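Here are a few exercises to work through with the model open beside you. Try each task before you read its solution.

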Amino acid sequence: MPVAASAIYFLNLRGDVLINRLYRDDVGGNMVDAFRTHIMQTKELGICPVRQIGGCSFFYMRISNVYIVIVVSSNANVSCAFKFVVEAVALFKSYFGGAFDEDAIRNNFVLIYELLDEIMDFGYPQNLSPEILKLYITQEGVRSPFSSKPADKPVPNATLQVTGAVGWRREGLVYKKNEVFLDIIESVNLLMSSKGSVLRCDVTGKILMKCFLSGMPDLKLGLNDKIGLEKESEIKSRPTKSGKTIELDDVTFHQCVNLTRFNSEKTVSFVPPDGEFELMKYRITEGVNLPFRVLPTIKELGRTRMEVNVKVKSVFGAKMFALGVVVKVPVPKQTAKTSFQVTSGRAKYNPSIDCLVWKIRKFPGQTEPTLSAEVELISTITEKKSWTRPPIQMEFQVPMFTASGLRVRFLKVWERSGYNTVEWVRYITKAGSYEIRC
């Protein structure tokens with residue numbers, strides 16, 4: 001069930017009501033007294049943001065020096081209520097120049113009442129997009145003197161955006177050169193044993209887009225995901241072309257994506273916002289292509305010496321390379337002296353993190369650089385516990401490589417005027433939690 005808020009209150013830290021709006025007549029005007037008595041004047045303030053007193057529920061959140069309290073008399077969606085509060089505060093900040101506090105509320109009573117009437121109707125949330133509301137609520141708020149954000153200019157011709165479902169893009173955009181930039185950025189999370197077997201592995205990815213397109217374009221993105229290719233072959237009544245397919249898990253989309261079309265055709269169709277935005281996020285748990293394999297060998301020679309040998313093999317193609325590779329090999333806290341021998345890059349001992357840090361600025365594919373180190377330890381009488389070996393950690397960035405195997409098959413742009421577009425696609429794989437036991 002949606003929020004169905006009966007009332008909303010804005011209180012300062014003393015509990016004084018700054019402004020309030022009653023949306024239903026199922027609660028009395030003195031409900032704020034119950035909140036003040038049973039929550040604000042007790043030690044429970046801040047422990048749980050949801051409280052039930054009598055037959056009403058109170059959802060509250062503190063923003064700066066203001067408490068925003070939503071009162072509901074029936075069962076309601078709590079997450080939806082807090083989402084409404086967060087977006088409402090962002091809307092107020094866009095009108096007030098980036099500030100939202102007690103002074104900003106006192107200086108903008110009339111504007112806040114007008115906005116509260118627009119963003120909630122009979123207790124149900126409505127449109128909270130600042131870009132759309134500013135098209136027909138053109139009153140400017142009293143801006144904070146500390147805000148350097150310039151006032152947004154109202155854009156005419158708001159009818160289509162208010163009545164239609166394209167609240168994230170305005171009409172009349174014109175660019176001399178129509179371009180689309182698409183970045184697929186993935187993070188690899190790995191836990192590997194010292195013998196090279198994978199204990200845990202997954203990939204989290206996101207597709208970022210930056211659009212500079214005129215008019216109201218309709219974009220269609222095709223990926224090599226298994227379900228999408230099977231649906232496409234079913235519609236076209238012909239088998240799919242050979243090639244690697246992947247299964248996407250936990251997919252979430254930007255609000256611009258046509259979900260009805262995605263559910264029926266399994267294609268990502270959308271009218272993009274202007275500028276940069278996150279189109280979708282996903283996760284991969286099977287068929288992960290690891291960019292690196294690490295084979296460590298650590299020998300403890302008595303209580304005062306250690307030998308460390310680490311081989312790192314790049315599994316990706318020979319024509320590709322990784323940037324900013326950092327390998328952190330843990331050593332005991334009582335390390336006194338170290339000596340290194342590396343076939344590539346540079347290595348040093350960092351006592352602040354108790355690690356041997358091996359850095360390779362540019363790591364070509366299909367290579368196996370090694371690190372050999374001798375570590376001298378300080379012998380202590382009090383140190384009786386055996387050293388528990390933390391895992392080796394890696395940091396890296398591999399351009400034009402995806403650990404999931406995700407690929408863009410096509411990116412089609414259609415617009416009424418039929419202009420030509422230039423599409424740019426880039427792949428980047430980074431290390432998330434990339435750990436190897438030693």
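**Exercise 1.** Find the helix that holds Phe92, then work out whether Phe92 is buried or exposed and which residues Phe92 is in contact with, leaving aside neighbours within four places in sequence.

*Solution.* Step one: Phe92 sits in helix α2, residues 78–96. Helices here are DSSP runs of H or I with at least four residues, strands are runs of E with at least two, and both are numbered from the N terminus. Before going on, note that this is a predicted model, where local features need pLDDT of at least 70 and side-chain atom pairs count only at pLDDT 80 or more, while totals for chains, interfaces and linings use all residues. Residues are numbered from 1 along each chain as its sequence is written, and side-chain values use heavy atoms, with hydrogens and water left out.

Step two: Phe92 counts as buried because its relative accessibility is 1% (buried is under 20% relative accessible area, exposed over 50%, partly exposed in between, with a 1.4 Å probe and protein chains only).

Step three: skipping neighbours within four places in sequence, Phe92 is in contact (heavy atoms within 4.5 Å) with Phe10, Phe100, Ile112, Leu115 and Leu116. Also check Gly141: its C-alpha atom is 8.8 Å from that of Phe92, though the two are 49 residues apart along the chain.

**Exercise 2.** Sort the side chains of strand β21 by face, then find how many bridges join β21 to β16 and to β23.

*Solution.* Next, the partners. Strands of a sheet pair through backbone hydrogen bonds, either parallel or antiparallel. Strand β16 (residues 321–330) runs antiparallel to β21, joined by four bridges, and Val326 stands opposite Glu395. Strand β23 (residues 422–436) is also antiparallel to β21, with six bridges; here Val398 has Thr429 as its bridge partner. For two strands to pair, DSSP must find at least two bridges between them.
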